[in-house]
Amino acid sequence: MTLNQLFPLETDPKTGEPFLRLRKHPNVILTPMRWEDAPHFVPIFNDPRVYQWLMRTPFPYAHKDAEDWLQIAKPKSDALLQELLDAQGSDKLKTIDGCPVPSIREVKEDGTQVYIGNITFGRCMHPELIDTDTIDHEHAEEKKAANDALQVGDPKIIYSIGDYLDPKYHGQGIMTDALDTILHEWAIPRMNVRRILTGAFIGNVGSVRVFQKNGFKMLRTVDEFAVVRGTMRGLHVLEWRADEDPV
Ligand SMILES: CC(C)(COP(=O)(O)OP(=O)(O)OC[C@H]1O[C@@H](n2cnc3c(N)ncnc32)[C@H](O)[C@@H]1OP(=O)(O)O)[C@@H](O)C(=O)NCCC(=O)NCCS
């Protein structure tokens with residue numbers, strides 16, 4: 001029997017794009033990245049309710065920053081989709097190293113879609129936090145190399161999550177739902193994600209809640225983690241393990 005390698009993604013009959021509908025917000029979907037999203041990044045990343053919690057985005061954030069980011073991220077994301085399409089016809093669902101539908105969009109009543117954020121799974125972005133009680137800069141590079149070298153689908157891979165939402169949509173349960181949906185409908189069954197290590201700056205109550213509501217445990221708090229835009233920031237370190245997932 002041949003299987004649809006995009007399962008459980010649906011296909012938009014108008015655009016042909018795959019998408020994943022959130023479990024509790026049927027008017028919110030996850031889709032591939034689009035070149036035309038660039039102008040929508042700019043107000044989001046210039047808003048202090050977003051940028052103060054992010055480590056790597058430039059501030060002030062210009063249209064060129066958005067274009068540069070899309071040039072890096074979109075081909076990687078699209079390559080995941082292509083990998084799945086290339087495997088169509090196979091009788092076994094392919095395990096893959098990411099989710100090809102990271103862009104969060106609201107679907108309006110008239111069918112138009114509004115870009116509202118992103119949720120991305122990737123190999124651990126904080127190798128200095130792996131298997132240590134503090135911050136292990138000394139072995140970070142070798143831990144990263146070892147994690148990156150694991151074969152796709154290896155249950156030992158440690159993943160991280162990056163996410164943000166347009167502030168107009170904060171506090172409506174959307175990111176809690178997006179994480180629940182992507183975790184259970186894609187990351188576990190299609191990526192074989194078994195362990196996630198992630199961080200949120202001290203004070204980012206909303207982000208910590210999103211993770212905790214999805215079964216992440218607070219591992220520790222590092223008071224002095226990194227200087228970001230001139231200020232020393234502390235980090236809450238959270239972990240999710242599949243064998244402790246309540247669902
Ligand atoms: C963090 C973020 C993604 C949360 O998304 P969201 O859709 O607003 O979160 P939810 O609505 O699902 O809220 C989850 C919980 O957090 C609480 N919460 C959300 N934002 C909060 C805030 N600013 N302060 C206090 N609690 C907050 C909600 O009340 C809810 O808790 P409850 O169910 O116990 O009431 C969003 O605020 C954001 O984009 N922040 C800027 C970027 C960022 O911080 N990214 C994460 C980096 S680690």
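The model is predicted, with local features requiring pLDDT of at least 70 and side-chain atom pairs counted only at pLDDT 80 or more, while totals for chains, interfaces and linings use all residues. Residues are numbered from 1 along each chain as its sequence is written, and side-chain values use heavy atoms, leaving out hydrogens and water.

I begin with the hairpin. Strands S8 (residues 217-228) and S9 (residues 231-241) run antiparallel and are joined by 8 bridges; strands here are DSSP runs of E, at least two residues, and helices are runs of H or I, at least four, numbered from the N terminus. Strands count as paired if DSSP finds at least two bridges between them. The turn holds 2 residues, and Arg229 in it has a positive phi of about 45 degrees.

Val228 belongs to S8, and its bridge partner in S9 is Thr231. Val228 is buried at 7% relative accessible area, where buried means under 20%, exposed over 50% and partly exposed in between, with a 1.4 Å probe and protein chains only. Beyond neighbours within four places in sequence, Val228 contacts Leu54, Met55, Phe201 and Arg233, contact meaning heavy atoms within 4.5 Å.

I turn to salt bridges, each a side-chain nitrogen of Lys or Arg within 4 Å of a carboxyl oxygen of Asp or Glu. The count is 18. Asp131 and Arg195 form one of them, at 3.0 Å from N to O. Asp131 lies in the loop between S5 (113-123) and H4 (140-149) and Arg195 in strand S7 (residues 195-201), so the pair ties together parts 64 residues apart in sequence. Asp131 is exposed at 57%, whereas Arg195 is buried at 13%. Salt bridges with shared partners join Asp131, Arg195, Glu239 and Arg241 into one network.
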